[in-house]
Amino acid sequence: MGLFDKLTGTKRPAEGVAPRSATEVHEALLALNLPDVPYVIRNGRDEGVDLVAEWRITDPAWQTFFVRTEVSRVFQVRMRLVPEKNEVRSVDQQYEVTWVGGVPTLAISAESQRGQVQTTSKRWTLGGGADGGLEATETFSFDSSDLKDPLQKVVLGSGWTWRGVVTGKL
């Protein structure tokens, strides 16, 4: 892996993994849509891409979870399949979340990032420890890799390259 690949988050499949067809890769990515995961992979035609993976922040079944955790930033991964190169090109778009009466409002963040975005949110609660002293307990942890890792695993397992885009078109 070269330096540029590391900066963009580009990952290549293991040696000897035969590339699957674009249709199979597309279907395998959509198969990640399970009711017990906090993200969804959907058609990205409206955004000008093949697929979009994003947190289910506006999904009523998941809204309680996101309200309770007061997530302030979310992001989506936009993907384009490039069959002639056996690669999925990806770009991340980050959003700020404003909560009004338990309903999320999404707005494009003032900061712009392309390529690989790593976002981690943690919440700690201070309380009394077993020894009577002050103790911090992690009460919440949310990591963008919870969304990206399954996508990359499917792509690499399909014999395709995951290419993070920094400049130019997706």
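Analyst: Of the 170 residues in the protein chain, 40% count as buried, where buried means under 20% relative accessible area, exposed over 50%, and partly exposed in between (1.4 Å probe, protein chains only). The chain exposes about 9600 Å², with carbon and sulfur atoms supplying 52% of that area; such areas come from the Shrake-Rupley method with a 1.4 Å probe, and for residues only the protein chains shown count as cover.

A word on the ground rules: this is a predicted model, in which local features need pLDDT of at least 70, side-chain atom pairs count only at pLDDT 80 or more, and totals for chains, interfaces and linings use all residues. Residues are numbered from 1 along each chain as its sequence is written, and side-chain values use heavy atoms, leaving out hydrogens and water.

The predictor's confidence in each residue, pLDDT, runs from 0 to 100; its mean over the protein chain is 78, and 65% of the residues reach 70 or more. Confidence is highest in helix H2 (residues 22-30), at a mean of 98, and lowest in strand S5 (residues 103-108), at 52.

The fold has four helices and eight strands, assigned as DSSP runs numbered from the N terminus (helices H or I, at least four residues; strands E, at least two). Their order from the N terminus is α-α-β-β-α-β-β-β-β-β-α-β.

With a relative accessible area of 3%, Glu87 is buried. Its side chain makes a polar contact of 2.9 Å with that of Arg163; a polar contact is a pair of N or O atoms within 3.5 Å, where within protein one must be able to donate a hydrogen and the other to accept it, and residues adjacent in sequence count only if both atoms are side-chain atoms. Leaving aside residues up to four places away in sequence, Glu87 touches Arg80, Leu81, Val82, Trp160, Thr161 and Arg163, a contact being heavy atoms within 4.5 Å.

Asn86 sits in the loop between strand S3 (73-82) and S4. Asn86 is partly exposed, at a relative accessible area of 25%. The phi of Asn86 is near 50 degrees, a positive value in a residue other than glycine. Most residues other than glycine have a negative phi.
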